[in-house]
Amino acid sequence: MKNIKNILDSSNLKTTPQRLAILRELEKQGHASIEDIYEKIKESFPSISLATIYKNITAMKEEGIISEVCLHQKPKYELTKNEHAHFICKNCGKVIDVPLNEQLIKEIESKFPDTQKELYIYGICEECKKSK
């Protein structure tokens, strides 16, 4: 993973402590809702508002630094990575990245160039299976 500061420095956005904190939290959690990010970041930035988190998430999403994972519940966000699918546990809601087959990606891109590919797989994660 690229250095988080370098990601912001190479974008059109100003590198701020709040943006760095948001990206570090996403790097740590993998996938997080705005509320999850806010709860963690306000420990370091007690005066930060939820609106500031929303504004920065939107700006970084528009810049392509982070991606939105659209779930049936609240959306979660992640650092933008290579194309991949998401496994979502129907029991606990955990989101796990799943690599996509390169051949499948090439087939899709040859038929539908310049498309955004999002694949969501729902099931029960290993942790939930063990706890039953």
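Helices (H or I, at least four residues) and strands (E, at least two) are taken as DSSP runs and numbered from the N terminus. The structure is a predicted model, in which local features need pLDDT of at least 70 and side-chain atom pairs count only at pLDDT 80 or more, whereas totals for chains, interfaces and linings use all residues. Residues are numbered from 1 along each chain as its sequence is written, and side-chain values use heavy atoms, with hydrogens and water left out.

The chain contains 6 helices and 5 strands, arranged along the sequence in the pattern α-α-α-α-β-β-β-β-α-β-α. Its C-alpha trace spans about 45 × 45 × 25 Å along the principal axes.

Two packed helices are described by the angle between their axes and the distance between the axes. Here axes are lines fitted to C-alpha atoms, for helices over the stretch in contact, and angles run from 0 to 180 degrees between N-to-C directions; angles under 35 degrees count as roughly parallel, over 145 as roughly antiparallel, 65 to 115 as roughly perpendicular and the rest as oblique. Helix α2 (residues 17-29) packs against α3 at an angle of about 115°, the axes lying 10 Å apart, which makes α2 roughly perpendicular to α3. The crossing in which α2 passes α3 is right-handed, a crossing being left-handed if the near helix is turned anticlockwise from the far one by less than a right angle, and right-handed if clockwise. In this pair, Ala 21, Ile 22, Glu 25, Leu 26 and Gln 29 of α2 meet Asp 36, Ile 37, Lys 40 and Ile 41 of α3, where contact means heavy atoms within 4.5 Å. The residues of the α2 contact with α3 comprise 5 nonpolar, 1 polar and 3 charged, with Ala, Val, Leu, Ile, Met, Phe, Trp, Tyr, Cys and Pro counted as nonpolar, Asp, Glu, Lys and Arg as charged, and the others, Gly among them, as polar.

The axes of helix α3 (residues 34-41) and helix α4 (residues 50-62) come within 10 Å and cross at roughly 120°, so that α3 is oblique to α4. This crossing of α3 past α4 is also right-handed. Ile 34, Glu 35, Ile 37, Tyr 38 and Ile 41 of α3 are in contact with Leu 50, Ile 53, Tyr 54 and Ile 57 of α4, and the contact of α3 with α4 has 8 nonpolar, no polar and 1 charged residues.

For α2 and α4, the packing angle is about 75° and the axes are 10 Å apart; these two helices are therefore roughly perpendicular to each other. Arg 19, Ile 22 and Leu 23 of α2 and Ile 53, Asn 56, Ile 57, Ala 59 and Met 60 of α4 make the contact, which divides into 6 nonpolar, 1 polar and 1 charged residues.

The largest pocket has a volume of about 350 Å³, a volume being the space filled by probe spheres set on grid points that are joined across faces, edges and corners. On a 1 Å grid over the protein atoms alone, a cavity is a set of points where a 1.4 Å probe fits but cannot get out, and a pocket is an open set with protein on both sides within 12 Å along at least five of seven lines, lining residues having an atom within 4 Å of a point. Of the 18 residues that line the largest pocket, Ser 67, Glu 68, Gln 116, Lys 117 and Glu 118 lie nearest its centre. Strands β1 (66-69) and β3 (84-89) each supply at least two residues of this lining, and β1 provides the largest share, 3 residues. By class, the lining of the largest pocket has 4 nonpolar, 7 polar and 7 charged residues.
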